[in-house]
Amino acid sequence: MLRVVESIEAVREACDEARKAGKRVGLVPTMGALHEGHLQLVEACREEAEFVVVSIFVNPTQFGPSEDFTRYPRTLEADVAGCEKAGADLIFAPSASTMYPRGFSATHVEVAGISDMLEGASRPGHFRGVATVVLKLFTIVQPDVAHFGAKDYQQQLVIRRMVEDLNVRVAVRVVPTVREADGLAMSSRNRYLSPEQRAAATVLSRALFSARDAVHAGLRQGDRVRQILRETIECERLANLDYAEVADADTLEPLGDWEPGRRVVALLAVRVGSTRLIDNLVLAE
Ligand code: AMP
């Protein structure tokens, strides 16, 4: 039976009890407004852990001052129903004052290097907020395993780096991006889109798939692949490119020409109206 708790003490108690019963504890951190992509994370977590905690917390510290924190969708009732179906055991839905009792925390985690490029450059402070809240969640839940989405490619690299550097005892798993039938990566922010914008938003996946086709056909020049991405986005009247990068899949170092066998990822951030969407695709492994 799925329980929803708001206090840190209640989560700790439930997780301690599960561990005492010999259960492995899994964690899926989210900001709620759950869709099929999130639920796949819960299902994957369920396969490895007998006690699955889903955290639902719209974390203020990872939003910039002009971003969508206040209007971010909050749909707790539907989220609970989805989590129940996907096999979660506990939802941890704390308030901001539970997570940050003395205002925004002074202590923070900064994963240097990987946090500064791409999303980090466009959204200063974003990954500091993410890394800090995820470490707090790891400390509260003490999961054996935690699941993240490949949809937020740079985020999973930041988390993995943090876990390695700080010796956090958790196995980090990454689940492939779940897409709508027309290719659009599922995102809580897709609900901001008007019907016309929703149609235009497929330009991200179209650009990524074109890039992958070209790479599969033998292209190994970063500049040419970036050009394919840029030109595809520019053809869509409602879309405005923030960045289109072709990078080493492990370090996110931007690539020029690469040798066969290199793992390469393409990453996009695009505004459709006032909604900022991100997507990525591994082009070569
Ligand atoms: P969010 O609630 O947007 O912070 O996302 C919570 C977790 O769900 C993150 O690890 C995301 O990468 C993951 N996620 C979001 N959208 C998708 C998707 N379309 N497919 C797979 N995972 C996703």
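Biologist: Between which helices is the loop where L118 is found?

Modeller: Helices (H or I, at least four residues) and strands (E, at least two) are DSSP runs, numbered from the N terminus, and L118 is found in the loop that connects helix 4 (96–99) with helix 5 (119–122). This is a predicted model in which local features need pLDDT of at least 70 and side-chain atom pairs count only at pLDDT 80 or more, while totals for chains, interfaces and linings use all residues. Residues are numbered from 1 along each chain as its sequence is written, and side-chain values use heavy atoms, with hydrogens and water left out.

Biologist: What is the phi of L118, and is L118 buried or exposed?

Modeller: The phi of L118 is positive, at about 45°, although L118 is not a glycine. Buried means under 20% relative accessible area, exposed means over 50%, and partly exposed lies in between (1.4 Å probe, protein chains only); L118, with a relative accessible area of 11%, is therefore buried.

Biologist: Which phi value does Q142 have, and where does Q142 lie?

Modeller: Q142, again a residue other than glycine, has a positive phi near 50°, and Q142 lies in the loop that leads from helix 6 to strand 5 (145–149). Its relative accessibility is 48%, so Q142 counts as partly exposed.

Biologist: Let us turn to the sheet. In what order do the three strands stand, and how do they pair?

Modeller: Two strands pair if DSSP finds at least two bridges between them. Here three strands form an open sheet in the order 7-8-9, with antiparallel pairing. Strand 7 (239–248) and strand 9 (275–284) are at the edges, and each has a single partner strand, so one side of each is left without a neighbour in the sheet.

Biologist: How many bridges join strand 7 to strand 8, and how many join strand 8 to strand 9?

Modeller: Strand 7 is joined to strand 8 by nine bridges, and nine bridges also join strand 8 (residues 264–272) to strand 9. To follow the pairing by eye, find E245, whose bridge partner in strand 8 is L267, and then V246, which stands opposite A266 in strand 8. On the other side, V265 faces V282 of strand 9, and R271 stands opposite R276, also in strand 9. The hairpin of strand 8 and strand 9 has two residues between the strands, and in it G273 takes a positive phi near 65°.

Biologist: How many residues of strand 8 are buried, and how many of strand 7?

Modeller: Strand 8 is mostly covered, since eight of its nine residues are buried. In strand 7, seven of the 10 residues are buried, so strand 7 is largely enclosed by the rest of the structure. A239 is found in strand 7, and its relative accessible area of 8% is why A239 counts as buried. Contact means heavy atoms within 4.5 Å; leaving aside its neighbours within four places in sequence, A239 is in contact with V203, I233, V270 and R271. The C-alpha atoms of A239 and G273 are 7.1 Å apart, although 34 residues separate the two along the chain.

Biologist: Which strands does helix 9 lie across, and which does helix 10 lie across?

Modeller: Axes are lines fitted to C-alpha atoms, for helices over the stretch in contact, and angles run from 0 to 180 degrees between N-to-C directions. Helix 9 (residues 203–216) lies across strands 7, 8 and 9, at about 15° to strand 9. Helix 10 (residues 222–234) also lies across strand 7, strand 8 and strand 9, and runs at about 160° to strand 7.

Biologist: At what angle do helix 1 and helix 6 cross?

Modeller: Angles under 35 degrees count as roughly parallel, over 145 as roughly antiparallel, 65 to 115 as roughly perpendicular and the rest as oblique. The axes of helix 1 (residues 8–20) and helix 6 (residues 126–141) come within 8 Å and cross at roughly 55°, and the two helices are therefore oblique to each other. In this contact, helix 1 supplies I8, V11, R12, C15 and R19, whereas helix 6 supplies T139, I140 and V141.

Biologist: How far apart are the axes of helix 6 and helix 7?

Modeller: The axes of helix 6 and helix 7 (residues 153–165) are 10 Å apart, and the helices pack at an angle of about 55°; helix 6 and helix 7 are therefore oblique to each other. Among the residues that make this contact are F127, V130 and F138 of helix 6, together with Q154, Q155 and M162 of helix 7.
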